Amino acid sequence: MEISINTHTAEPQIEVYADRPAVTEAIASKLLTVLSEALVSQPAAHVSLTGGGAGIAVLTAVKDLLEHSTTVPDWSAVHFWWGDERLLPRDDAERNETQARQALLDALVDEHGLPEENIHPMPTSEDAAHPAAGAEMYAQQLESFAPEGGIPGPHGPLNMPAFDVMLLGVGPDGHINSLFPGKDSLTVVGQTTVGEEDAPQQLGPPLRVTLTFDGIHTAQRVWTAVTGADKAEAAARALAAEPDVSEVPAANARGAQETVWHVDRAAAEQLPRV
Ligand SMILES: O=C(O)[C@H](O)[C@@H](O)[C@H](O)[C@H](O)COP(=O)(O)O
């Protein structure tokens, strides 16, 4: 199964920072700016969140920045979605939703005017009996925020909101969201979400819901947060010339208008173009 990069998306730009705090502060600051600017000409802005250490650290950095930043979006017009989730009970500590609420979203709701209904978590194990059902439920939620006619994608229009920013972490094996090397989910086209029954054991709970590559590629901006020496090989493989996406899904972490890899020095160690 060889999968190529979707070349109708933006070539990756690489930004190297000293360490994880520098990566997460930079992303947090850009996020506040991009959302504020988007809301000048749009009624709403949509952000897709991710899990993992770096993804959650970005949210903590946003919360820290709120204390002294003068560039702050109108949170009542910002919607938060997820790129992947574990099919676990509501409030389970391993859910990306639970971690994101603790890191940032609870504070935005309690103190900064984010309406609870603007938070769009992926289904829990109470909501959906299995990942395929959860994926279908989330596809319907996404569809209810789709612009008329959907968003153009390489395999036809997709019914989902246009994400202004999609945050992604990258696993040491090169996965993004819950798109893991060698899995059938990588070949799914023309739909926004897919279920994963068998995430690699060492990466936590096996039952997942994830956006597809097509779903990721509709995002205007895709920003990765990649830190630590254990990510150096995955980053180098993803950013090498002509990678096989089925072996390193992160090679296809690309946005419609902008793709930025935010890496710290340790993760950049093996990059060909830095
Ligand atoms: O649900 C998840 O686990 C994530 O969405 C996953 O794709 C994560 O972003 C990577 O595994 C990187 O995680 P780290 O930043 O912890 O390495």
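Is T210 buried or exposed? T210 counts as buried because 30 C-beta neighbours lie inside 10 Å; the term buried applies at 20 or more other C-beta atoms within 10 Å of a residue's own, exposed at 12 or fewer, and partly exposed in between, with C-beta atoms placed from the backbone. The model is predicted, so local features need pLDDT of at least 70 and side-chain atom pairs count only at pLDDT 80 or more, whereas totals for chains, interfaces and linings use all residues. Residues are numbered from 1 along each chain as its sequence is written.

T210 is placed in strand β7, residues 208–211. Helices (H or I, at least four residues) and strands (E, at least two) are DSSP runs, numbered from the N terminus. Leaving out residues up to four places away in sequence, T210 touches G83, D84, N177, S178, L179, S185, T193, V194 and E196; a contact requires C-beta atoms, placed from the backbone, within 7 Å. T210 and G134 are 76 residues apart in sequence, and their C-alpha atoms are 9.4 Å apart in space.

One of the contacts of T210, N177, lies in the loop between β5 (165–169) and β6 (193–196). N177 counts as buried because it has 33 C-beta neighbours inside 10 Å. Although N177 is not a glycine, its phi is positive, about 45°. Most residues other than glycine have a negative phi. D91, also not a glycine, has a positive phi of about 70°. D91 is found in the loop between β4 and α3 and counts as exposed, with 10 C-beta neighbours inside 10 Å.

Helix α3 covers residues 96–111, and its 16 residues should span 22 Å at 1.5 Å a residue; the end C-alpha atoms are 21 Å apart, which agrees. The expected span is 1.5 Å times one less than the number of residues in the helix. A kink of about 60° in α3 is centred on Q102, the bend at a residue being the angle between axes fitted to the seven residues ending there and the seven starting there. The buried residues of α3 are N96, E97, T98, Q99, A100, L104, L105 and L108. Their cover includes β2 (45–49), α2 (52–66), β3 (78–82) and β4 (84–86). Just after α3, G113 takes a positive phi of about 80°.

The largest nonpolar core has 77 residues; such a core is a set of buried Ala, Val, Leu, Ile, Met, Phe, Trp, Tyr and Cys residues joined through C-beta atoms within 7 Å. V58 and A235 have the most contacts inside this core. Not counting residues up to four places away in sequence, V58 touches T24, I27, A28, L167 and A225. V72, in the loop between α2 and β3, is partly exposed, with 13 other C-beta atoms within 10 Å. With the same exclusion of residues up to four places away in sequence, V72 touches L32, S36 and L66. The C-alpha atoms of V72 and V34, 38 residues apart along the chain, are separated by 9.8 Å.

Around the ligand there are 14 residues, of which G51, G52, G53, A54 and G169 come nearest; a residue is near if its C-beta atom, placed from the backbone, lies within 6 Å. Helix α2 gives the most to this shell, with four residues. By class, the shell has three nonpolar, 10 polar and one charged residues, where Ala, Val, Leu, Ile, Met, Phe, Trp, Tyr, Cys and Pro count as nonpolar, Asp, Glu, Lys and Arg as charged, and the others, Gly among them, as polar.

Methods:
Two residues are in contact if their C-beta atoms, placed from the backbone, lie within 7 Å.
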